[in-house]
Amino acid sequence: MSLEMIGITVLWIFLYGYVIVASIDFGAGFFSYYGKITGKGEIVNKVINRYLSPVWEVTNVFLIFFIVGIVGFFPDTAYYYGTALLVPGSIALILLAIRGSFYAFNHYGSKTSNVYLFLYGTTGLFIPASLATVLTISEGGFIVEEGSQIRLLMDQLFTSPFSWSVVFLALVSVLFISSSFLTYYANKAEDREAEKVLRSWALFWALPTIFASFLVFVSMRNHNVEHFNAMLNSSWLFVVSMAFFLAALGLIMQRKAYGLAFLFVMLQFASAFFGYGQSHLPYLLYPYITIHDGVTSSVMGEALIWAFIGGLVLLVPSLVLLMKMFLFDAKYVKGQN
Amino acid sequence: MSFDPATLSRILTALTLGFHIIFATIGVGVPVMIMIAEWLGIRKQDPHYILLARRWARGFTVTVAVGVVTGTAIGMQLSLLWPSFMKVAGQVIALPLFMETFAFFFEAIFLGIYLYTWDRFKKPLYHWLFVIPVVIGSSASAFFITTVNAFMNTPQGFTLANGAIAAIEPIKAMFNPATPSKVAHVLASSYLTSAFILAAITAWSILKGKGGEYHRKALRLTMIWGLVFAVGTIVVGDLSGKFLAKYQPEKLAAAEWHFETKPQADLLLGGTLDPETQEVKGALVLPGALSILAGGTTNTEVKGLNDFPQELWPPLYVHYLFDLMVILGMYLAVVAGLFILARAWKKKYEWNPWLLRSIVAGGPLAMIAIELGWMYAEIGRQPWILRGYMKTSEGATMSGDVGQMLILFALLYAVLAIVSTSVLLRMFRNNSPELEMQKRGIQQ
């Protein structure tokens, strides 16, 4: 595999990791707020807090890792995206900052506040919407280079049906991924009431997820036909994705094997995400940056890959330990520890 | 008044860094103090030290949260505000930037484990072991990110011909001449500042009349380490002077208003400068001291600013930033030294209110010294963003929207500052050490 392929594959895997972990986190924040205002707070919150507390900082790192990595492997992205995304990027940043800090304030501070919880819950929906917009922009048509000036066409972005269908997909995916994970977690914690609520949410968001995916697929055709055709060429991945979705849905409906169901949800998104990513190549930004001409020197690329391998050797055991101690420690999950 | 995007980008970056560095400093230093306190508690089987570690760790969670989000902000602002710089620098210095995220990842994982496993192990030592990766991770983060800043001061490990970068050597770029002294200075001063902030809080409580064993142990502990780190910081500061004299002489010369290259150069404290005649009035002159700082002897020749074209001089007001930083560093060493001396020789002075007040002042003053140091480091590098290769104005975004973003971020940081302070205050007021000792059945 060439250097640029290794680079983009690694980064895409990390972005996928972020999508899953962050979706769980964002959705949990939303459900936690929603539960509070509808009076279902107690049961759901207990489950959510036990999951979130030790893990929330780790979520952010996936995103930072992706950004630093893509600038490292493909320095041109810093120039194009950096210039064009000043405003949307800053707004996403501010939302992320509000979310992260207010979570900590609420959780570690001595009294819970509804304002904190509100900020925490709603930012969880705005952030995925704004981050997903970056993927929309990467499809081209929204960034133009005029001489030495790079501009983002905000009006077009806001009036594009494609752009809105991506936002819609991002939101429902967050809620679906999150509720299917939390159902599993509540079940493990043997919290029957929470499990019931969360399961009904998972079922509620399942169909909109598929509907939104089709919407994106269809509007892609109008927006970027080259990418659309490339997606058709790897359509088997999307079929696989659909199969995983149906399998997951079936299990959740039959109240069976929630862990396996969540694994299927992860695979559903993995196959769709990689199908999308693979067909996006070689472009990082239509039509300005491809992975071939935007890649960094081979020396730096190799150094980054070695650093990455070294980092994984360190991180994977640590992550396994973290998950063993909190996510999969039966006593901890049940709140006995 | 209107500013160009480059100036606004500098202001916004300064704002983010100035805010982030408070939490980053605490984030690097406090884990070390937690590690020491818990270790003492286990070794001496003294629940006071364990409680100390516990309470520090609890406050740390709030500062860490703000540190994480502002760190994310600066990480992204590098690309948003300095896209042209990142395009060039990214090719050479991406490695430590990349590794920094790993170090932080590592730290975040173990911090999560550490915070949530206080009473989970039969052997308390197992819990203590989890703080070690936190210390390693946070200090390693500081190391990696400081190498990037060092690279901006003394870039190496590449060649630049016709705007194209070639012959890249990532390791050489990372271990550039500025790296050793800069990293050592950042680490030592973070440890020092954190020790002093914790000491200041303790001294404040004692002044308020809470003079129990718990507080006394806390103050002694933080002051001993405060002295160690203060001496370390001063020694490293001296090495930084020698580094500057050799590799970045214009930065040292600007800090000392040193115009003519000569041996027996004097160190000036304070004063005012007439830029026309290059005459300095009202400064405290330490004869030959600049030569000593630069090379260890009074005969060391120190390069003056007149050897450089004037358009490449850093702004000359950095003199005050530099002086103030040095004086504050010395102040911290003296205060910590006095406390230790009082304890060793004249015990009755150990809790002297004036000594305690000086320690209280030392907390914020230490943080001010950190801010001044970074201002000197950044302003003293001007007009360069990448010394010798790229001017700051060439690295900035050309977007016209930086001004609005500046306002947004200023609001964000104001909110974060206010809310985090009030959360911390409430957290410790509602659960005083006395109350907590009672609850845990610890003898006061």
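Helix axes here are lines fitted to C-alpha atoms over the stretch in contact, with angles running from 0 to 180 degrees between N-to-C directions. The helices themselves are DSSP runs (H or I, at least four residues), numbered from the N terminus. This is a predicted model, where local features need pLDDT of at least 70, side-chain atom pairs count only at pLDDT 80 or more, and totals for chains, interfaces and linings use all residues. Residues are numbered from 1 along each chain as its sequence is written, chains are lettered from A in the order in which they are written, and side-chain values use heavy atoms, leaving out hydrogens and water.

Let's start in chain B. Helix 2 (residues 47-81) of chain B packs against helix 15 (residues 433-440) of chain B at about 120°, the axes being 12 Å apart. That makes the two helices oblique, the class left over once angles under 35 degrees are called roughly parallel, over 145 roughly antiparallel and 65 to 115 roughly perpendicular. Touching residues (heavy atoms within 4.5 Å) include B:R54, B:R55 and B:R58 of helix 2 of chain B and B:E436 and B:R440 of helix 15 of chain B.

Over in chain A, helix 9 (residues 192-223) and helix 12 (residues 258-280) pack at about 15°, with axes 13 Å apart. So helix 9 of chain A is roughly parallel to helix 12 of chain A.

Now for a look at the rings. One cluster of ring pairs (centres within 6.5 Å) links residues of both chains, among them A:F14, A:F308, B:F98 and B:F102. The charged end of B:K87 also sits over the ring of A:Y79, 4.8 Å from its centre; for Lys, that takes NZ within 6 Å of the ring centre and within 35 degrees of the ring normal.

Technical notes: Phe/Tyr/Trp six-rings, centres within 6.5 Å; stacked < 30°, edge-to-face > 60°.
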